[in-house]
Amino acid sequence: MKSLRRILLANNGFTGKILTSLVGIPKLVELQLQDNKFDGSIPAFAQQDFQLNVANNRLEGPIPPQLSSQSLSAFEGNLDLRGKPMPPCPPS
């Protein structure tokens with residue numbers, strides 16, 4: 001799996017946590033997990049030129065800083081993600 005470059009698992013109804021072992025795939029450049037039912041937090045992916053899409057899941061917690069340059073649309077539709085690139089929470 002060390003030479004795996006793309007993982008495309010969108011629209012499958014997958015549940016559970018995003019596997020932290022994916023962080024250890026050094027050549028991974030694209031991970032498409034949108035439109036599933038993943039929950040929990042987003043692992044701290046730090047691969048070079050990495051593109052992530054986790055939109056429309058059940059994720060929560062902070063977006064890892066190394067993913068702050070990703071598109072806002074890659075994170076939309078989750079329970080409670082916060083941090084860049086998400087807009088600030090409205091004052092209560």
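The side chains of Arg 6 and Glu 30 meet in a salt bridge with an N to O distance of 2.9 Å, where a salt bridge is a side-chain nitrogen of Lys or Arg within 4 Å of a carboxyl oxygen of Asp or Glu. This pair links distant parts of the chain, since Arg 6 sits in strand β1 (residues 6-8) and Glu 30 in strand β3 (residues 30-32), 24 residues apart. The structure is a predicted model, in which local features need pLDDT of at least 70 and side-chain atom pairs count only at pLDDT 80 or more, while totals for chains, interfaces and linings use all residues. Residues are numbered from 1 along each chain as its sequence is written, and side-chain values use heavy atoms, with hydrogens and water left out.

**Salt bridges**

- A search of the whole structure finds three salt bridges, and Arg 6, a member of one of them, counts as partly exposed at 48% relative accessibility (buried means under 20% relative accessible area, exposed over 50%, and partly exposed in between, with a 1.4 Å probe and protein chains only).
- Asp 39 pairs with Lys 17, the closest N and O atoms being 3.1 Å apart; because Asp 39 lies in strand β4 (residues 37-40) and Lys 17 in the loop between β2 (15-16) and β3, the pair ties together parts that are 22 residues apart in sequence.
- Within that pair, Asp 39 is partly exposed at 29% relative accessibility, whereas Lys 17 is exposed, with a relative accessible area of 55%.
- Arg 82 forms a salt bridge with Asp 80 at 3.7 Å between the closest N and O atoms; Arg 82 is partly exposed at 39%, and Asp 80 is partly exposed at 39%.

- Asn 78 is found in the loop between β6 (58-62) and β7 (80-82), strands being DSSP runs of E with at least two residues, numbered from the N terminus, and Asn 78 is buried at a relative accessible area of 16%.
- The side chain of Asn 78 reaches the backbone oxygen of Val 54 at 3.1 Å and the backbone nitrogen of Arg 58 at 3.4 Å.
- Not counting residues up to four places away in sequence, Asn 78 touches Val 54, Ala 55, Asn 56, Asn 57, Arg 58 and Leu 59, contact meaning heavy atoms within 4.5 Å.

**Nonpolar core**

- Of the 19 residues in the largest nonpolar core, those touching the most other members include Leu 52 and Val 54, such a core being a set of buried Ala, Val, Leu, Ile, Met, Phe, Trp, Tyr and Cys residues joined through side-chain atoms within 4.5 Å.
- Leu 52 touches Leu 31, Ile 42, Leu 67, Gln 70, Ala 74 and Phe 75, not counting residues up to four places away in sequence.

Methods:
Helix = DSSP H or I, 4+ residues; strand = E, 2+ residues; numbered from the N terminus. Polar contact = N/O pair within 3.5 Å; in protein donor to acceptor, adjacent residues only side chain to side chain.
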